[in-house]
Amino acid sequence: MLSACGGGKDEAAEKKEAEITFDKNPYPSTYSPYPNAPVLITNATILDGEGARIENGSLLLEDGKISAIGSDLEAPEGAMTIDASGRWVTPGIIDNHSHLGVYPSPGVSAHGDGNEISAPVTAEVWSEHGVWPQDPGFTRALAGGITSLQILPGSANLIGGRGVIVKNVPSRTVQGMKFPNAPYTLKMACGENPKRVYGYGGGRFPGGAPYSRMGNMAGYRSAWIRATEYKRKWDKYEKEGGEPPARDLELDTLAGVLNGDILVHMHCYRADEMAQIMDMSKEFGYKVASFHHAVESYKIADKLAEYGACSSMWADWWGFKMEAYDGIRENIPLVHKAGACAIVHSDSDVGIQRLNQEAAKAWSDGRKIGIDIPEEEAWTWLSINPAKSLGIDDRTGSLKPGKMADVVIWSGDPFSVYTKADQVFIDGALMYDRSTPESDPVTDFEIGQPGEGDRK
Amino acid sequence: MRKSLATALAAFTWLTTPALADTYVIRGESVWTGTSQGTIKNGVVVIEDDRITAVGGASMAVPDGASEISAKWVTPGLISAYSQTGLVEVGAEDPTNDALAAASVYSISLNAADGFNPDSTAIDVTRIEGFTRLVVAPQTGNTMFGGQGFIADTSGDLDTPLTEKAFTFIALGEAGAGLTGGSRASAMATLKAALDDGRTYPARYIANSEGDALKRLDAQAFSPAARGQQLIMVQAHRASDLNAVMDLAEEQPNLKFVIVGGDEAWRVAPRLAKLDIPVIVDAFSNLPSSFERLAATSENASRLAETGVAFAIANVGDSAQQARLASQIAGNAVANGLDFDEALAALTVVPAEIFNMTGYGTLAPGAHADVVAWDGDPLEVTSSPVAVIIDGEAQSLQSRQTRLRDRYLNLDESERPMAYHKP
């Protein structure tokens, strides 16, 4: 923490009163769960999101929470009972890499708010300030079973700014979507994008460093050196009082990483670069929560397991640039097999609609080379692992009693292309029901247009 | 350059009888023919040399000594109805990307086949997912005309036979407007002028090398299409843009069109059906991702089917390295209401018809032997081919990706670095 929160002793509290502090959460979540009667789901094949499977299982949702999981649960009074015979139930999918809202549909220039390209290090910007809550993409993702997502700045910058974690509920405001009390995250990027945008971006704005991967590393390290100094000043001030340091929006965020409050999510394709970044994080005393895209994680899965970073991956994207050239279909199962944390992510308003199919491809491709991962374990790629990477695994990401009732009832085995999300609950409220197209959410943008939602 | 059969066919029953190496008996629990035979349970397909010679039930007599393949499903080789596969090695590296010519002085005469590279790693990657033919469309550079598209197989042979100049690629809608001065009116004026130049070639060019819209060589290249002797592939989405194409088709009824994209095609489906204009759709495209796609829906394909419009399914959104996803996309179309047989036809029979690929796209006696044997339902994301046969030749199921995978299956460098590991 940058400012005083600790203490507890009276004299400490007195001392703090004199200090200048600042609000760490000036744009707080205003989301609260929508009402719903208790729901009892019965006769389902349940994947609990942490690796367990229950056949003919029951799940009880009450007061927005998972209240019980097992078999032969009793329906409380007033509960809606859903017979899920032949259907599957899982925790809602958590996509930890989305640009919905910051690169919304329609992709018009006026709404391209995801990259603050004005400098290679823009830790001072927050993606939530660029999110357009009327992006129709949120509603399409809902139909794909997405209940929470991380919206990141783009990868133009070395350090792109803060990400925001939201519940996938339609809202008039970003604050109305924000996942209550979720940690902040920081987006960083390796490789080709920063050096292309700045170094040789056709001579366009702004030019300059970095021109190379050498410049990329120098750019991060310079920023961390400044952040270390800033943190030192604040730590000293908090300990000793006196004149408060001048506040710096950029360094607030970077120091938040060094304090362990803000989680680093880093776009990084190549194995050798991820290895450099892991060393750099040790140099400055922080940890990478997850590498993103991580197309070459399979080459260093052992090192990633040892370090303890997640890899957020596609099932099969490859070849669109050099750092994606060595993509293979078995990346995800190979990372899983090495004991490292594997996550299926989208980075796409199309892919986010069917992350279950992406997991299914990876799961199947693993089996075909002898990596036989049970489906219930593979579902961790979509639930508890992304939740961990976002620091929200104590509240969502699995069907443990007491957690948020973020639940999907699938029409069948979600590892099949033919399976659809039948019902999606967020905090116990039924937010999507495939059987009632008339109840589909429609964004302001789509109202009065020739298509109102996906199914008009 | 025949691929190693041993590696291609390692995964299933294989009687080693070299005497009849080019005769195959392929047995499938489900054999999807794409013909009036429908799907044959426990069916058999016989291949002799480059042709299918028999398709029938399990009791059908088969040649002695043939190579036997058994699989869950057997289908015609899939056709990617819209691709840049073979033109692009690494999308972002311009020297390896021949999909478009942003600064060329030519337009319609650009012959994409000149850039086809059978060694492109994407070809193997696409083939081993069951695609045996690629319809390759050039992209637009600095005009609305991308140039001449072609059809290739996915053998990766250096002497891969190409059907060159199979169609002319044109962009209308927002892209076409942007490339012709800024409006749809400008795009349509340019297209009509170009058609006029093409139709009057060479007379108009005797005195002058410039037409109204086209240089001499471009007019020459456009003259077959302008005379109704070549297909015109038009990229367009908005219902009014599709209507503009159909207005043109009615004004000049000899012109032959296929729409690519067509996110709002369902809104004008009866007219498309009446004018017999087929559409290549991307069933993933369900977002209002631009103002010309406000009515995009994941039910586009199923609505076209209900109206009787001929359509193929392709990965229009990502068609160089990921053309292979067309089968997943077709599966999603089924999940959104399309009949399974129509979905599979949209990857086989229909693209063969659209592009006049006579003898491809079906399993029928006399047809060319492009055949895929699968370990499951071909539209299912967990399925993959166990054998891919192109014109009667069994193909390798290896790609650069599978080689990389095999290298890194075990991260053991205790004896030597990974570079010495070449499985």
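1. A word on the model before we start. This is a predicted model, in which local features need pLDDT of at least 70 and side-chain atom pairs count only at pLDDT 80 or more, while totals for chains, interfaces and linings use all residues. Residues are numbered from 1 along each chain as its sequence is written, chains are lettered from A and ligands numbered from 1 in the order in which they are written, and side-chain values use heavy atoms, with hydrogens and water left out.

2. Let's begin where the chains meet. Chain A brings 53 residues to the contact and chain B brings 52 residues (contact means heavy atoms within 4.5 Å). Together the two chains bury about 4300 Å², with 53% of it on carbon and sulfur atoms; buried area is the accessible area, for a 1.4 Å probe, that two parts lose on being put together, summed over both.

3. Now look at the polar links. Between chain A and chain B there are 34 residue pairs in polar contact, both residues being at pLDDT 80 or more (a pair of N or O atoms within 3.5 Å; within protein, one must be able to donate a hydrogen and the other to accept it, and residues adjacent in sequence count only if both atoms are side-chain atoms). Which helices of chain A each supply at least two residues of the side that touches chain B? They are α2 (137-143), α7 (301-307), α8 (331-337) and α9 (355-368), helices being DSSP runs (H or I) of at least four residues and strands (E) of at least two, numbered from the N terminus. The largest share, 7 residues, comes from α9(A).

4. Salt bridges also cross between the chains: the count is 4 (a side-chain nitrogen of Lys or Arg within 4 Å of a carboxyl oxygen of Asp or Glu). One of them joins Asp326(A) to Arg400(B), at 2.7 Å from N to O.

5. Cys190(A) pairs with Cys268(A), S to S 2.1 Å. Cys190(A) lies in the loop between β9 (185-189) and α3 (192-198), and Cys268(A) in strand β10 (residues 263-268), 78 residues apart. The S-S torsion of Cys190(A) and Cys268(A) is about -85 degrees, so this disulfide is left-handed. Cys190(A) is buried, at 1% relative accessible area (buried means under 20%, 1.4 Å probe, protein chains only).

6. The other pair is Cys310(A) and Cys341(A), with sulfur atoms 2.1 Å apart. Is its disulfide left-handed or right-handed? The torsion about the S-S bond of Cys310(A) and Cys341(A) is about 85 degrees, so the disulfide is right-handed. Both Cys310(A) and Cys341(A) are buried.

Key: Disulfide = S-S within 2.5 Å. Buried < 20%, exposed > 50% of the residue type's maximum accessible area, 1.4 Å probe, protein only.
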